[in-house]
There are 2 protein chains.
Amino acid sequence: MTAFNFELFKTDGNARRGRVTTAHGTFETPNFMATATAATVKAMNVDSVRATGAELAICNTYHLMLRPTAERVADLGGLHKFMNWSGPIVTDSGGFQVMSLSKLRELNEEGVTFRSHVDGSSHKLTPERSMEIQNLLDSDITMCLDECTPHPATHEQAASSMQMSMRWAERCRKAFVKREGYGLFGIIQGGVYEDLRTESVEKLSALKLEGFGIGGLAVGEGQEEMFRVLDFTLPLLAPEKPRYLMGVGTPSDIVGAVMRGIDMFDCVMPTRAGRTGRGYTHRGTLNIRNARHADDPRPLDERCTCQTCKDYSRAYLHHLFRTEEILGAMLLTQHNLHVYQNLMKGLRDAIAGETLEDFVKTFHEEQALGDITAL
Amino acid sequence: MTAFNFELFKTDGNARRGRVTTAHGTFETPNFMATATAATVKAMNVDSVRATGAELAICNTYHLMLRPTAERVADLGGLHKFMNWSGPIVTDSGGFQVMSLSKLRELNEEGVTFRSHVDGSSHKLTPERSMEIQNLLDSDITMCLDECTPHPATHEQAASSMQMSMRWAERCRKAFVKREGYGLFGIIQGGVYEDLRTESVEKLSALKLEGFGIGGLAVGEGQEEMFRVLDFTLPLLAPEKPRYLMGVGTPSDIVGAVMRGIDMFDCVMPTRAGRTGRGYTHRGTLNIRNARHADDPRPLDERCTCQTCKDYSRAYLHHLFRTEEILGAMLLTQHNLHVYQNLMKGLRDAIAGETLEDFVKTFHEEQALGDITAL
């Protein structure tokens, strides 16, 4: 078996170029995960996901504990076999979705009881149960159960929420079944308050976990505030452990966070946008449903090397979205994931070559151009 | 350029093994077309369609004339380029969908005026306009505009409807732009009446078209009655031209029709079933939403060589359908099309080896077994 490991190859400013090794293979950092909430990247088959360059998938504890259940996934040989993804898998703890999706939730020191958004059935999620579920799912990277502190929160609210999450992290540490190649990440909370983030980092560092999640960001505070929190939080972290900024973000968010030293990202944006007609290009975003694309024989992004851009025109994609054909969601999701993975590769290469500053400058200049004009 | 051509290699009883050559390549017969109504096989990308063994696609004049319009497809380089399908394409004439989908339709000798089911806009389809549209789409096999006689119809109704369709076929013949490698098929009507089918065959044969469609079947008359009509109609047809049974059908329909001498088929069943959770196996059909599949680690069909059966369990497919994930429709459509294409290959090989009788016997015996029992 392989030990869980993070190698840091190179830095450029605060940005880091590395590699994480897990029981199910490696992934290069900075890395953007393919979002596979319910054990599927929406509208994508596994070969297409791989073709975008994705190496790491993230699945959702809350969704999977309800359907098909963690016990069922375990009986079927674990998540990798179930969803035919042989690479590394991260699972979140379920805490975020319990608070955002479930009904009649009640949170106390022990954990959270809630009713399923699917059928109203009653469930309980504690730190111990979250560890058990993620173990049953066989995820390579398990996330501690935490409470995602809402924004805005007073210092008192953020402190009390963070401190409970830190007590939960200790319980997660105890309940987590150590296995070669598997890791447990703590999640730093503390809202926008430097003293609280510092306290959170100290408590998690004492637990000697395999990596850090940074939670409670991208919840409405804005990019500037998010970067400010990263600026005072990241220098507190041991450099030899990977850092995962949870639920982030736009290409611009990712570029700024990589510059500050983040190694891992996940976000539903490229897949959700792909199902709703929004496409990412090196010149910003576009809405393929817009009438100006109806006669346009050009690809979404002339510079893009994805299968969608190689084989299909904007006019065809426009047609598929106007006629509500599933292939529209399939092709645009594939393109958007490719754009994200291509951005990550560009960032990795720039850090390795110590050309990150130029890369970022060009990135922002091109994004500011806006989409190509209609023919 | 290549001439439009049908080669008949071999017969076994009335069944025929052949090959059709078109401007965009060849397809082996008997052949089942991939249904690409709105210029996409629903929930499938082109590579996956090809992987099922499909060689021929069928697109829909009615749907495409409304969106994106035939003129737009022509401006974009034709249907093959638009939808990235380099192989041969059949287009139907639009007559069937005008009658089944549109609003406020009015049919007379000149043609049919109707309002779009999409936006209520007014349109007119005549034999000449149908030929023009199919020419703009650049389809390899153009179908004559006809009226699909409803079932049941009196002899008088069926006669009058068929005779108008035959007058329309003459107009189609005149309006069709002859091009090397492109063909026009007439459509035999006449309901369930032998004298009317005979009259229809005679009139179409006089037009010296490239092939025959058999229309007005699979409209509620039942399999036995459909086979009875084929039994007296097919011997009337010149053997050197391909015969296309339109809109048919179940695997059992196809087997019976191939035995009677049909060369080409199209049907929405395998793709529509794939989106609604119905799977085809060599032991008949199953509903993957059924709870008995929730824990089943076995593939849909242990004998099937498709990607879905190689990589995924019934339990996973069940999960995808229960959670309404798009990948469920993608994987089950791929499987169902593979089953259909595999059946066609089996039929072709059996005819070539003069073992059709045994093949058909085994087919019916296995279908009668019913799906494998739950674990």
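**Reading helix packing, chain contact and backbone geometry**

Author: Gly249(B) is found in the loop between β14 (243-245) and α10 of chain B. The model is predicted, so local features need pLDDT of at least 70 and side-chain atom pairs count only at pLDDT 80 or more, while totals for chains, interfaces and linings use all residues. Residues are numbered from 1 along each chain as its sequence is written, and chains are lettered from A and ligands numbered from 1 in the order in which they are written. Helices (H or I, at least four residues) and strands (E, at least two) are DSSP runs, numbered from the N terminus.

Reader: Which peptide bond at Gly249(B) is cis?

Author: The cis bond joins Val248(B) and Gly249(B), with omega about 0 degrees. In chain A, the bond from Val248(A) to Gly249(A) is cis, with omega near 0 degrees. Gly249(A) sits in the loop between β14 (243-245) and α10 (251-260) of chain A.

Reader: How is the packing of two helices to be read, and at what angle do α9(B) and α10(B) cross?

Author: Two packed helices are described by the angle between their axes and the distance between the axes. Here an axis is a line fitted to C-alpha atoms, for helices over the stretch in contact, and angles run from 0 to 180 degrees between N-to-C directions. Helix α9 (residues 223-233) and helix α10 (residues 251-260) of chain B cross at roughly 15 degrees, and their axes come within 10 Å. That makes α9(B) roughly parallel to α10(B) (angles under 35 degrees count as roughly parallel, over 145 as roughly antiparallel, 65 to 115 as roughly perpendicular and the rest as oblique). The crossing of α9(B) past α10(B) is right-handed; the term applies if the near helix is turned clockwise from the far one by less than a right angle, and left-handed if anticlockwise.

Reader: Which residues of α9(B) and α10(B) meet?

Author: Contact requires that the C-beta atoms of two residues, placed from the backbone, lie within 7 Å. From α9(B), Gln223(B), Phe227(B), Leu230(B) and Asp231(B) meet Asp253(B), Gly256(B), Ala257(B) and Arg260(B) of α10(B). By class, this contact has three nonpolar, two polar and three charged residues (Ala, Val, Leu, Ile, Met, Phe, Trp, Tyr, Cys and Pro count as nonpolar, Asp, Glu, Lys and Arg as charged, and the others, Gly among them, as polar).

Reader: How do α13(B) and α14(B) pack?

Author: Helix α13 (residues 314-322) and helix α14 (residues 326-352) of chain B pack at an angle of about 130 degrees, with axes 7 Å apart. That makes α13(B) oblique to α14(B). The crossing is left-handed. Leu317(B), Leu320(B) and Phe321(B) of α13(B) meet Leu327(B), Gly328(B), Leu331(B) and Leu332(B) of α14(B). The residues of this contact divide into six nonpolar, one polar and no charged.

Reader: How many residues does each chain give to the contact between chains A and B?

Author: Chain A gives 31 residues and chain B gives 31 residues. On the side of chain A, α3 (70-75), α4 (79-83), α13 (314-322) and α14 (326-352) each supply at least two residues. Helix α13(A) gives the most, with five residues. By class, this side of chain A has 17 nonpolar, six polar and eight charged residues.
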